[in-house]
Amino acid sequence: RTMNLISYNSVISACVDHWSIALQLYEDLKEVKEDELPRGDIVTYSSLINACEKGHQWRWAISFFEESQEMSLLDGILYIATMTSVRRRWSLVLKLWGGLRRRKLKVDTDAYE
């Protein structure tokens, strides 16, 4: 039996401290036919962005954020995760913050801590 998206998300999330493995798992997910399995969801992308943040791979985090936006996955969690991953690049943080505010996306207040 093939893995479903929940299985992929669980494994990617478990690899948060190993960004390169998380990226490889995502590449494996993308090879599955789209009619058999969606390419990803908010959990997939937030897990990938978090793994990139832990691995200091902010460019990959931005890439995954942009990909999620192209898929119309508009969620405050993705904005916050991406802002965290680029926190030392204030111009990017402010750009993301502006996008979050423009879209009027709700974010759990615990995310700000």
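Start in helix H2. Glu27 and Lys30 are three residues apart there, so about one helical turn separates them. Keep in mind that this is a predicted model. The two side chains meet in a salt bridge, with N to O at 3.5 Å. How exposed are the partners? Glu27 has 33% relative accessibility, so it counts as partly exposed. Lys30 is partly exposed as well, with a relative accessible area of 37%.

A word on the general idea. Side chains of opposite charge can pair when their charged atoms come close.

How many salt bridges does a search of the whole structure find? Two.

Arg87 forms a salt bridge with Glu53, and the closest N and O atoms are 2.9 Å apart. This pair links distant parts of the chain. Arg87 sits in the loop between helix H5, residues 76-85, and helix H6, residues 90-103. Glu53 belongs to helix H3.

Is Glu53 buried or exposed? Its relative accessibility is 17%, and the cut-off for buried is under 20%, so Glu53 counts as buried. Arg87, at 35% relative accessible area, is partly exposed. What else does Glu53 touch, leaving aside its neighbours within four places in sequence? Its contacts are Thr84, Ser85 and Arg87.

That brings us to H3 itself, and back to H2. Helix H2 covers residues 19-31, and helix H3 covers residues 42-54. They pack with their axes 8 Å apart, at an angle of about 150 degrees. Angles over 145 degrees count as roughly antiparallel, so that is how H2 and H3 run relative to each other. The crossing of H2 and H3 is left-handed.

Which residues make the contact? From H2, they are Trp19, Ala22, Leu23, Tyr26 and Leu29. From H3, they are Thr44, Tyr45, Leu48, Ala51 and Cys52. By class, this contact of H2 with H3 has nine nonpolar residues, one polar and no charged ones.

To recap. H2 and H3 are roughly antiparallel, and their contact has no charged residues. H2 holds the Glu27 and Lys30 pair. Over to you.

Note on methods. Residues numbered from 1 in each chain as written. Predicted model: local features only at pLDDT ≥ 70, side-chain atom pairs only at ≥ 80, totals over all residues. Heavy atoms only, no water. Axes fitted to C-alpha atoms, helices over the stretch in contact; angles between N-to-C directions. Helix = DSSP H or I, 4+ residues; strand = E, 2+ residues; numbered from the N terminus. Parallel < 35°, antiparallel > 145°, perpendicular 65-115°, else oblique. Left-handed = near helix turned anticlockwise from the far one by under 90°. Contact = heavy atoms within 4.5 Å. Nonpolar A, V, L, I, M, F, W, Y, C, P; charged D, E, K, R; others polar. Buried < 20%, exposed > 50% of the residue type's maximum accessible area, 1.4 Å probe, protein only. Salt bridge = Lys/Arg side-chain N within 4 Å of Asp/Glu carboxyl O.
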